[in-house]
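Visitor: I am new to this structure. Please take me through it.

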Amino acid sequence: MKPKQQRLILGIVALVAIGGSGFLAMSAIGDKASFFYSPADIARQGVLPSQAIRLGGMVTKGSIKKAADGVTINFFVHDGPATVPVRFRGIPPDLFKENSGVVAEGSFVGTTFVATNLLAKHDERYMPPQMDGKQHKTTTLAQQ
């Protein structure tokens with residue numbers, strides 16, 4: 001066999017291997033490719049109780065309640081048509097508040113989603129609390 005034919009066969013085998021591994025990876029991901037499930041997705045599809053997922057939506061206004069132990073928070077996450085009760089034990093992020101977006105990582109225990117981690121989302125117009133909407137004068141080392 002000539003070297004040119006060997007390179008051609010090796011190239012074809014490499015392309016088939018890459019294509020096959022890509023296909024296997026995509027089929028393994030399946031429906032799990034979404035970044036998080038919304039409450040409507042959970043109501044429509046259901047989730048296994050022990051399955052670790054991310055739940056995303058808006059924190060329902062007036063639903064944040066602190067438990068007597070001081071570290072457990074109960075609240076509701078909604079996306080319009082559906083609502084899911086959530087329990088979180090720990091310190092919530094600074095941006096966590098009512099009527100704001102949240103992604104909670106955890107799993108279902110009964111009908112309550114028990115979160116192990118909270119990720120607060122902000123809108124595109126987010127301004128750090130220090131800025132307060134005001135222009136602050138900044139000095140650089142060259143100006144000092």
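Guide: A definition first: a residue is buried under 20% relative accessible area, exposed over 50%, and partly exposed in between (1.4 Å probe, protein chains only). This is a predicted model, in which local features need pLDDT of at least 70 and side-chain atom pairs count only at pLDDT 80 or more, while totals for chains, interfaces and linings use all residues. Residues are numbered from 1 along each chain as its sequence is written, and side-chain values use heavy atoms, with hydrogens and water left out.

Visitor: What does the side chain of Asp69 meet?

Guide: Asp69 meets Arg89 in a salt bridge, at 2.7 Å from N to O. The term requires a side-chain nitrogen of Lys or Arg within 4 Å of a carboxyl oxygen of Asp or Glu. This pair links distant parts of the chain: Arg89 belongs to strand S4, Asp69 to the loop between strand S2 (65-66) and S3, and they are 20 residues apart. Helices (H or I, at least four residues) and strands (E, at least two) are DSSP runs, numbered from the N terminus.

Visitor: And Arg89, is that buried or exposed?

Guide: Arg89 has a relative accessible area of 58%, so it is exposed.

Visitor: How many salt bridges does the whole structure have?

Guide: The search finds 3 of them. One is formed by the side chains of Asp41 and Arg44, with 2.5 Å from N to O. Both of these residues lie in helix H2 (residues 39-45), 3 residues apart, which is about one turn of the helix. Arg44 is exposed, because its relative accessibility is 58%.

Visitor: Staying with S1, how many of its residues are buried?

Guide: The strand S1 is mostly covered, with 5 of its 7 residues buried.

Visitor: Which strands does S1 pair with?

Guide: Strands pair if DSSP finds at least two bridges between them. S1 pairs with S5 in the antiparallel sense, over 6 bridges. In that pairing, Met58 has Gly101 of S5 as its bridge partner. S1 is also joined to S3 by 2 bridges, again running antiparallel. There, Val59 has Val77 of S3 as its bridge partner.

Visitor: What else is joined to S3?

Guide: S2 and S3 run antiparallel and are joined by 2 bridges; Lys65 is found opposite Asn74 of S3. S3 and S4 also run antiparallel, with 7 bridges joining them, and Phe76 stands opposite Pro85 of S4.

Visitor: Now the turns. Which residues there have a positive phi?

Guide: In the hairpin of S2 and S3, with 5 residues between the strands, Gly70 has a positive phi near 85°. The hairpin of S3 and S4 has 4 residues between its strands, and Gly80 in that turn takes a positive phi of about 110°.

Visitor: Changing topic: how many aromatic pairs are there?

Guide: The structure holds 2 aromatic pairs. One joins Phe75 and Phe96, edge-to-face, at 4.9 Å centre to centre with 65° between the planes. Rings of Phe, Tyr and Trp (its six-membered ring) pair if their centres lie within 6.5 Å; planes under 30 degrees apart are stacked, over 60 edge-to-face, and the rest tilted. Phe75 is in strand S3 (residues 72-78) and Phe96 in the loop between strand S4 (83-89) and strand S5 (101-109), so the pair, 21 residues apart, links distant parts of the chain.

Visitor: Are Phe75 and Phe96 buried or exposed?

Guide: Phe75 is buried at 2% relative accessibility, and Phe96 is buried at 10%.

Visitor: Which residues form the other aromatic pair?

Guide: Phe108 and Phe113 form an edge-to-face pair, 5.3 Å centre to centre, with 75° between the planes. Phe108 is buried with a relative accessible area of 10%, and Phe113 is buried at 0%.
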